[in-house]
Amino acid sequence: MQNSGVDYILEESFDVVSVLDGTVTKKANDPVLGWIVTITHDNKITTSYQALSDVKVELNQIVKQGDIIGKSGENIYESDLKNHLHFILQKDGQIMNPEKYINKLITEIK
């Protein structure tokens, strides 16, 4: 399985927040990847948060940038990482490097 995102790792569980305003379009507990929440944003952008624990959002819920969507956790696929967040950013279905867009406007994601 190809790793298609960025992992953020801390020893202790941490709050995971939505990076942009949007709508929760997926909430699933995958046996390998753990809890997954996908949020659809403007400009055909989606963000996915994997390996979550204690998910705080529901399907079709509208979230604002900075809203807590869950806690970091563990999964089987990246079990060596222990507590972490696996984060994926997509634009028009294409995987993007999220670290390239830190402190950028949504319109700058191309």
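1. Gln50 and its strand. Gln50 sits in strand β5, which spans residues 45–53. Strands here are DSSP runs of E with at least two residues, and helices are runs of H or I with at least four residues, numbered from the N terminus. The relative accessible area of Gln50 is 11%, so Gln50 is buried. Buried means under 20% relative accessible area, exposed means over 50%, and partly exposed lies in between, with a 1.4 Å probe and protein chains only. Neighbours within four places in sequence aside, Gln50 is in contact with Leu33, Trp35, Ile36, His84, Leu85, His86 and Ile88. Contact means heavy atoms within 4.5 Å.

2. Basis of the model. This is a predicted model, in which local features need pLDDT of at least 70 and side-chain atom pairs count only at pLDDT 80 or more, while totals for chains, interfaces and linings use all residues. Residues are numbered from 1 along each chain as its sequence is written, and side-chain values use heavy atoms, with hydrogens and water left out.

3. Overall fold. The protein chain has nine strands and zero helices. Its radius of gyration is 13 Å, close to the 13 Å that the globule rule gives for 110 residues, so the chain is as compact as a globular protein of that length. That radius is taken over C-alpha atoms, and the rule is 2.2 Å times the number of residues to the power 0.38. Along the principal axes, the C-alpha atoms fill a box of roughly 35 × 25 × 25 Å. Of the 110 residues, 39% count as buried. Among contacts with a separation of 6 or more, 59% come from residues 24 or more positions apart.

4. Leu85. This residue belongs to strand β8. Leu85 has a relative accessible area of 8% and is therefore buried. Beyond four places in sequence, Leu85 is in contact with Val6, Asp7, Tyr8, Phe14, Val16, Tyr49, Gln50, Leu52 and Ser72. Gln50 lists Leu85 in turn. Leu85 and Asn75 are 10 residues apart in sequence, and their C-alpha atoms are 9.6 Å apart.

5. Asn43. This residue, too, has a positive phi without being a glycine, at about 60 degrees. Asn43 lies in the loop between β4 and β5. Asn43 counts as partly exposed because its relative accessibility is 38%.

6. Thr38. Strand β4, residues 34–41, holds Thr38. Relative accessibility is 11%, so Thr38 counts as buried. The Thr38 side chain makes a polar contact with the side chain of Ser48, at 2.9 Å. A polar contact is a pair of N or O atoms within 3.5 Å; within protein, one must be able to donate a hydrogen and the other to accept it, and residues adjacent in sequence count only if both atoms are side-chain atoms. Residues up to four places away not counted, Thr38 touches Thr23, Val24, Thr25, Lys26, Thr46, Thr47 and Ser48.

7. The largest pocket. Its volume is about 420 Å³. Of its 18 lining residues, Val19, Phe87, Pro98, Tyr101 and Ile102 are the closest to the centre. A pocket is an open set of points on a 1 Å grid over the protein atoms alone, where a 1.4 Å probe fits, with protein on both sides within 12 Å along at least five of seven lines; lining residues have an atom within 4 Å of a point. Points are joined across faces, edges and corners, and the volume is the space filled by probe spheres set on them. β2 (15–17) and β8 (84–91) each supply at least two residues of the lining. The lining divides into 14 nonpolar, two polar and two charged residues. Nonpolar covers Ala, Val, Leu, Ile, Met, Phe, Trp, Tyr, Cys and Pro; charged covers Asp, Glu, Lys and Arg; the others, Gly among them, are polar.

8. Asp80 and Ile95. Asp80 is in the loop between β7 (68–72) and β8. With a relative accessible area of 66%, Asp80 is exposed. Ile95 is in strand β9, residues 94–96, and is partly exposed at 43%. Residues up to four places away not counted, Ile95 touches Ser4, Ile88, Leu89 and Gln90.
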